[in-house]
Amino acid sequence: MRNRKRETRNAQLTIISGTPGTGKTSAARLLGKLIGARVIHLREFVREKKLSSGYDRKTDSELVDLGKLKRALMREIARPGTQHRKPGTGNGPLVIVEGHLACEFALPAGRVFILRCRPGELKKRLSARKYAKAKLEANLLAEMLDYCVQKAGLNYPDAEVCEIETAGKGAAQTAGRLAALAAGKGKCDSPDYQKELKEFLKLR
Ligand SMILES: Nc1ncnc2c1ncn2[C@@H]1O[C@H](COP(=O)(O)OP(=O)(O)OP(=O)(O)O)[C@@H](O)[C@H]1O
Ligand SMILES: [Mg+2]
């Protein structure tokens, strides 16, 4: 028996997380439209609620207090009006929280989707964003080490954690798979990037 207080599992909340560039924002936006759920994009949410505490030049990323972010999200999700579904849109999740930070802390979610992207393709997607070499490599390494999957397993022990490979698939196709899975249809993936990880480490 855990002594840590468990969050109540909430089938109405779904998380979409994963390494930057795996397609979370594109897929979540489409999924929200498909199933009539509200989508909270963490990047926008942090900006709107002024939850950024600066910029870390070393990692080239925004600094966010995860405790504050979690508390603000809990308030947002509980807000009256959030729990209303558009008529005729089924019984999937009502709220989707999307962002790479979402695997770093616990929310009362019933399902966690971790979007994955084979490193060869992820490198192309992140290079197109003109990421600096160190940031590009840190993100590729995180993907090859299943960082977000491991974090989600620890932070969401009661939720179903489901990996979805997005390489070679369009955002619409990924969103369609997520919608089916949210309705209890289809299977998750089990990507394995060990081969790419060994290659990457050999080159260093
Ligand atoms: N399933 C997909 N297949 C191919 N390309 C995709 C797919 N989904 C998104 N993309 C492309 O990959 C890039 C990253 O997509 P997106 O911004 O949605 O990623 P993200 O996971 O939200 O990244 P971040 O964590 O930085 O916000 C975009 O250029 C997008 O057009
Ligand atoms: Mg995004």
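Biologist: How many bridges join β3 to β4, and do the two run parallel or antiparallel?
Modeller: Three bridges join β3 to strand β4 (residues 61-64), and the two run antiparallel. Strands here are DSSP runs of E with at least two residues, helices are runs of H or I with at least four, and both are numbered from the N terminus. Two strands pair if DSSP finds at least two bridges between them.

Biologist: Which residue is the bridge partner of Ser52 in β4?
Modeller: Val64. The hairpin of β3 and β4 has four residues between the strands, and Asp60 takes a positive phi near 55° there.

Biologist: What should I know about the model itself?
Modeller: It is a predicted model: local features need pLDDT of at least 70, side-chain atom pairs count only at pLDDT 80 or more, and totals for chains, interfaces and linings use all residues. Residues are numbered from 1 along each chain as its sequence is written, while chains are lettered from A and ligands numbered from 1 in the order in which they are written.

Biologist: Where is Lys50, and is it buried or exposed?
Modeller: Lys50 sits in the loop between α2 (42-48) and β3 (52-56). The cut-offs, with C-beta atoms placed from the backbone: 20 or more others within 10 Å is buried, 12 or fewer is exposed, in between is partly exposed. Its phi is positive too, near 50°.

Biologist: And what is the phi of Lys130?
Modeller: Near 60°, again a positive value in a residue other than glycine. Lys130 lies in the loop between α4 (119-128) and α5 (133-144). It counts as exposed, with 8 C-beta neighbours inside 10 Å.

Biologist: Switching to the open sheet. What is the strand order?
Modeller: β2-β5-β1-β6-β7, five strands with parallel pairing. The edges are β2 (38-41) and β7 (160-165), each pairing on one side only. Neighbouring strands are turned by 20° against each other on average, direction ignored. Axes are lines fitted to C-alpha atoms, for helices over the stretch in contact, and angles run from 0 to 180 degrees between N-to-C directions.

Biologist: Which helix packs on that sheet, touching β7?
Modeller: α7 (residues 171-182), which also touches β1 and β6. Its direction makes about 155° with that of β7. Contact means C-beta atoms, placed from the backbone, within 7 Å.

Biologist: How many bridges join β1 to β6?
Modeller: Four, between residues 13-17 and residues 111-116, running parallel. Ser17 has Ile114 as its bridge partner in β6.

Biologist: Which residues have the most contacts inside the largest nonpolar core?
Modeller: Leu31, Val97, Val112, Phe113, Ile114 and Leu178, in a core of 39 residues. Such a core is a set of buried Ala, Val, Leu, Ile, Met, Phe, Trp, Tyr and Cys residues joined through C-beta atoms within 7 Å. A second, separate core has six residues, including Leu140 and Tyr193.

Biologist: What is Val112 in contact with, beyond four places in sequence?
Modeller: Ile15, Ser17, Ala152, Tyr156, Ala159, Val161 and Cys162.

Biologist: Last topic: which residues come nearest to ligand 1?
Modeller: Pro20, Gly23, Lys24, Thr25 and Ser26, out of 16 around it. A residue is near if its C-beta atom, placed from the backbone, lies within 6 Å of the molecule. The largest share, three residues, comes from α1.

Technical notes: Two residues are in contact if their C-beta atoms, placed from the backbone, lie within 7 Å.
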